[in-house]
Amino acid sequence: MNMTFKAELNGAAPDTDTPALKVENLRTQFFTDDGIVTAVDGVSFTVAQGEALGIVGESGSGKSVTALSLMRLLDEPARITAGEVHFQGKDVLAMNPEELRAVRGDRMAMVFQDPMTSLNPVLKIAKQLVETMVVHGRFTPEQAGKRAVGLLGRMGVTAPERAVESYPHQFSGGMRQRVMLALGMSNEPALLIADEPTTALDVTIQAQILDLIRELNRDFGTSVVLISHDLGVIARVCRRTIVMYGGEVVEEGLTEDLLADPRHPYTWALINAVPRIDEVRPSDRRLTTIEGQPPDPFDLPKGCRFAPRCPFRIEKCDSHPDLAEVAPGRKSRCWVTQAGTPLPKKQRHAKAEAEAKAKTEAKTEAKAATPRVIAGRDEAPLLSLRDVVKHFPLPKTGYFQPRRAVHAVDNVDLDVFRGETVGLVGESGCGKSTLARVVMRIHQPDSGEVVFAGQDIARSSQKQIRPLRRRLQMVFQDPYGSLNPRMTVGDMIAEPLRFHGITKTNAETQERVADLLNTVGLNPRVGRRYSYEFSGGQRQRISIARALAVEPDFIVADEPISALDVNIQAQIINLMLDLQEKYGLTYLFIAHDLAVVRHISDRVVVLYLGKVMEIAPADQLFDRPLHPYTRYLLSAVPIPDAVVERERGYLKLDGEPPSSIEPPSGCRFRTRCPLAKEICASVPPPLVEHAPGHVAACHFAGQLQ
Amino acid sequence: MTRYIVSRLGITIVMAVLATLVIFLIANTVPGDPVLAQLGDVAASNKEFVAEWRAKFGLDLPLWHRYLIFLYGLIHGDLGISIASQRPVLDDIVQFAPATLELATIGFVLALLVGIPLGIVAAVWRDTWVDHIARVVSLIGVSSPTFWLAFIMLAVFYGGLEIAPGPGQLDPIALAPDRVTGLLLIDTVIAGDWGTFRDAAAHLVLPSIVLAAATLGLITRTTRASMLESIQQDYVRVARAKGLRKSTIILGHVFPNALIPVVTLGGLAYAQLLSGAVMTETIFSWPGLGLYTFRSAAALDFPAIMGITLVVALVYLLINLMIDISYAYLDPRVMR
Ligand SMILES: Nc1ncnc2c1ncn2[C@@H]1O[C@H](COP(=O)(O)OP(=O)(O)OP(=O)(O)O)[C@@H](O)[C@H]1O
Ligand code: SF4
Ligand code: SF4
Ligand SMILES: [Mg+2]
């Protein structure tokens, strides 16, 4: 541990018997014009000295409002209307503004979700770090200035001396979140509250930030409250976890027990809705989902708040259950589990089982590992990319400077066969979306071939492509931005039908629209409404319906589930699987959630700085990756299983991807690769087939231990 | 930084050349014959005399030729001869500009000094009585017609209460100081004539308040709106979570962000004041550009109108340049 970080603080050692934080019956309400929203309703929990507590729950469950209430950071119309918050034995809710100010940022600090907006854009990093150290009187401005550099270095910011002199816009999201963490730790708080600190970040950067939080917790004894919707993130950091639903705590326990054996149907549903990256693809890939919406905060159910969606509901559930002990150290707010009834265990392919299977497969080679891949590989691929290059020129920086360009996609070869799903993964900025857009001919590639159904669309005119447009459709990430707010849902789906002349009469169009809405699980009556009236998941269904309208063969889905809650994610995944089965669709599926990619894909492509690093059948890629980068990427993904997380060795990938304006010579991964040798800098490694259908671009493939 | 400034400067120069062309074209295609306006009916019916006049002012040459002459003259500081006063336009402008500069600057500073703090407190104590007062002040400022305000001011403070001096820059009996800068406040100081200084200052009070009113309203509103906008940003919550004092948060975090739109708007408002407030200057018999513009327009004095328009255009370009440069200091994001 770095000595500069362990500062010369000499605050009195707190007495270890009082918990760091004790919250009792906290209730926070928003007094809006439309009525009262009870966002947090009777929440109680404690965080012991040096403990890490996780809070999980879906969007709107009250996690953030809870966190903000702890520091009393909410503004009107929010008011804390009941309860107590004891921090180190002192009542936070009774503090006067001056006492409160003295605690904030000093003994109790907070890291917020969105690093892009959390730093003041017009102030230097140095000032933003120094002021918090100086205002609490722990450091003189000179000391604070030195310490700011030390802290940034400690948080893994490259060239911290230069970094403090910079402005926030000069940093990536990951770097800014490091700055936020440095800020949070600058006065060595006793309690660090982190609200979704890694949600906006790449999985590799997430792993680094989570490591930092774990170290702070372990090495400095800083108590941590970590809020996340991702069970894997919680499993990696937190000893104990509470689950929130509809503003209440519905379950509490040690993370390990809670994940292995959930005692509340909502927790059960959350756990079962997410696929796991360490799990071979089951034959039935449909995920467990729960129907219905989170409760309307204006009109909470009288009985159990989860009852309208609960598959285990009994009569008694019409009355409101208390949070009660169901086993030593475990509490649940559920009549059924309180009565001792266990919840069904999901059929998971146990780890040992999976490993055994992998071994036999390794012997019999790749044949068995790709059960669903269509046998006839002799047939021509539906989509075939050859040596595709797409660069984006940058504006010149000076009249005599050479023109520079972002190397978004470089020399990509890829075949996609009819009826399969190809997953595309890699860190942000590695060219996933560009590749998708090249396939759609939204971008024209600089060179190379894009052959779809036998026709090279890279060089064709838009007019020549038009007939193919029917067969090639795209679903976008942002369910909010990709739909026209001024059109009804029905009109939006009808548009491509009319454009391509698929339906002749109005009646026929209406009928087809109704069909399509039915297909994606929406009531045909919603066709008359506007897209902004729908939730994220519903909107994504609408955009899928729109893509399906023209009866395509091929759908490019660019992060179709990233903006959605896990349960909705599971619903959309199930929908995509059903549709594939029904219509024999071919998917190019882009996602940053690797577990989902493993679950849904037949084959997976790993991109890094615009280049293909590895392509393999899904299970093979995840169980026996050959490329060092793939290894790191997989290792970064947190697994929602505390035992696995604890025993798992990590490979730590430091730093961030280099600039794609001047990518490294030779192998693009060499600047972060521990195996890199001289040859890696001079000779770009070719994509070599190591097993049938398993190619990797590395001079030392499979040699990383 | 230098590159940014140089590129802004380059753009400004190109715009300035374009402005000369546009101004020239407009001035030369406006209907109404300046010669006839100047000569009176009798002389205008004498063809030879008219032709002679036209030749004297170059009105008989083709358009492009006249533009080149105009440009050549500009480069040599020659804006032509005013038809009305028969003096070089530049001399006229130099004579009238300082009065406007003095009045506009004092009015503008007044508007800033009151408008910005008022906007800040209105935003911080939103929907309280402070905010309501600010709203009323800015409403009055923005919406009351200048001539009305000017007359009211004169009627109340000069005519009624007799605590303010009447129109004009100085009392009729006061002796104007030697002209050095043309700015009375400065020239009187140079001359050491404190009595006249006080008189000049007193004469500035009413017109500068009238002039400031609209700008003040605008600045109060903009400051309030952009403060409110930036108070809602995430970084303000972060600043609170750091345990900073409220005053530090407002002045150190919110205000620097809120300043950016205020500078844009304020700069343009200043440019507008500088180009001469016809109404205010006329009512207060203020010998500034506004008054000059008014007279020249009435006389269809083309060279003078072109000259004034050009000066106004240059003032706008210059102020825009200054706004752009100040962005470089206020907002690090403008420089990639
Ligand atoms: N400013 C506000 N006005 C009214 N209601 C609000 C406001 N902010 C939050 N709420 C409500 O409070 C409830 C809890 O919101 P909160 O932000 O704590 O959810 P969360 O669990 O953090 O969700 P997410 O995962 O999306 O961050 C929701 O019903 C939300 O609609
Ligand atoms: S109390 Fe009833 S409705 Fe609520 S979670 Fe338990 S079983 Fe489901
Ligand atoms: S080629 Fe070299 S640098 Fe690149 S991944 Fe392989 S070992 Fe690492
Ligand atoms: Mg939240």
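Tutor: Let's start with a word we'll need: a residue is buried if 20 or more other C-beta atoms lie within 10 Å of its own. One more thing before we look around: this is a predicted model.

Student: Okay, so how much of helix H10 of chain B is buried?

Tutor: Helix H10 of chain B is mostly covered, with 7 of its 8 residues buried. The buried ones are B:Tyr235, B:Val236, B:Arg237, B:Val238, B:Ala239, B:Arg240 and B:Ala241. Notice that two arginines, B:Arg237 and B:Arg240, are among them.

Student: What do the buried residues of H10(B) pack against?

Tutor: Partners from both chains. On chain A they pack against strand E6 (108-111) and helix H3 (115-118), and on chain B against helix H9 (194-231) and H11. Just after H10(B), look for B:Gly243, which takes a positive phi of about 85 degrees.

Student: How many residues does each chain bring to the contact between A and B?

Tutor: Chain B brings 18 residues and chain A brings 22. On the chain B side, H10 and helix H11 (246-274) each supply at least two residues. The largest share of that side, 6 residues, comes from H10(B). Sorted by class, the chain B side has 7 nonpolar, 4 polar and 7 charged residues.

Student: Where in chain B is the predictor's confidence lowest, and where is it highest?

Tutor: Confidence is lowest in helix H2 (residues 34-44) of chain B, at a mean of 63, and highest in H10 (residues 234-241) of chain B, at 91. Over the whole of chain B, pLDDT averages 83, and 93% of the residues score at least 70. For the model as a whole, the scores are ipTM 0.78 and pTM 0.80.

Student: What is the secondary structure of chain B made of?

Tutor: Chain B has 14 helices and 0 strands. Its C-alpha trace spans about 85 × 55 × 40 Å along the principal axes. Of its 336 residues, 36% are buried. Among contacts in chain B with a separation of 6 or more, 71% join residues 24 or more positions apart.

Student: How do I check the length of a helix, say H8 of chain A?

Tutor: Multiply 1.5 Å by one less than the number of residues. Helix H8 (residues 203-220) of chain A has 18 residues, so it should span 26 Å; its end C-alpha atoms are 25 Å apart, which agrees. Buried residues of this helix include A:Ile209, A:Leu210, A:Ile213, A:Leu216 and A:Asn217. Just after H8(A), A:Gly221 takes a positive phi of about 70 degrees.

Student: And what about the largest nonpolar core? How many residues does it have?

Tutor: Here's the general idea: in soluble globular proteins, nonpolar side chains tend to be buried together. In this model the largest nonpolar core has 268 residues, and those with the most contacts inside it are A:Leu152, A:Leu226 and A:Phe589. The element that gives the most to this core is helix H5 (residues 89-124) of chain B, with 14 residues.

Student: Now the ligands. Which residues come nearest to ligand 1?

Tutor: Of the 14 residues around ligand 1, the nearest are A:Ala39, A:Ser59, A:Lys63, A:Ser64 and A:Val65. Strand E1 (21-32), strand E2 (35-47) and helix H1 (63-70) of chain A each give two or more residues to that shell. H1(A) gives the most, with 3 residues. By class, the shell divides into 5 nonpolar, 8 polar and 1 charged.

Conventions:
Residues are numbered from 1 along each chain as its sequence is written. Chains are lettered from A and ligands numbered from 1 in the order in which they are written. This is a predicted model: local features need pLDDT of at least 70, side-chain atom pairs count only at pLDDT 80 or more; totals for chains, interfaces and linings use all residues. pLDDT is the predictor's confidence in each residue, from 0 to 100. Helices (H or I, at least four residues) and strands (E, at least two) are DSSP runs, numbered from the N terminus. A residue is near a molecule or strand if its C-beta atom, placed from the backbone, lies within 6 Å of it. Ala, Val, Leu, Ile, Met, Phe, Trp, Tyr, Cys and Pro count as nonpolar, Asp, Glu, Lys and Arg as charged, and the others, Gly among them, as polar. A residue is buried if 20 or more other C-beta atoms lie within 10 Å of its own, exposed if 12 or fewer, and partly exposed in between; C-beta atoms are placed from the backbone. Two residues are in contact if their C-beta atoms, placed from the backbone, lie within 7 Å. A nonpolar core is a set of buried Ala, Val, Leu, Ile, Met, Phe, Trp, Tyr and Cys residues joined through C-beta atoms within 7 Å.
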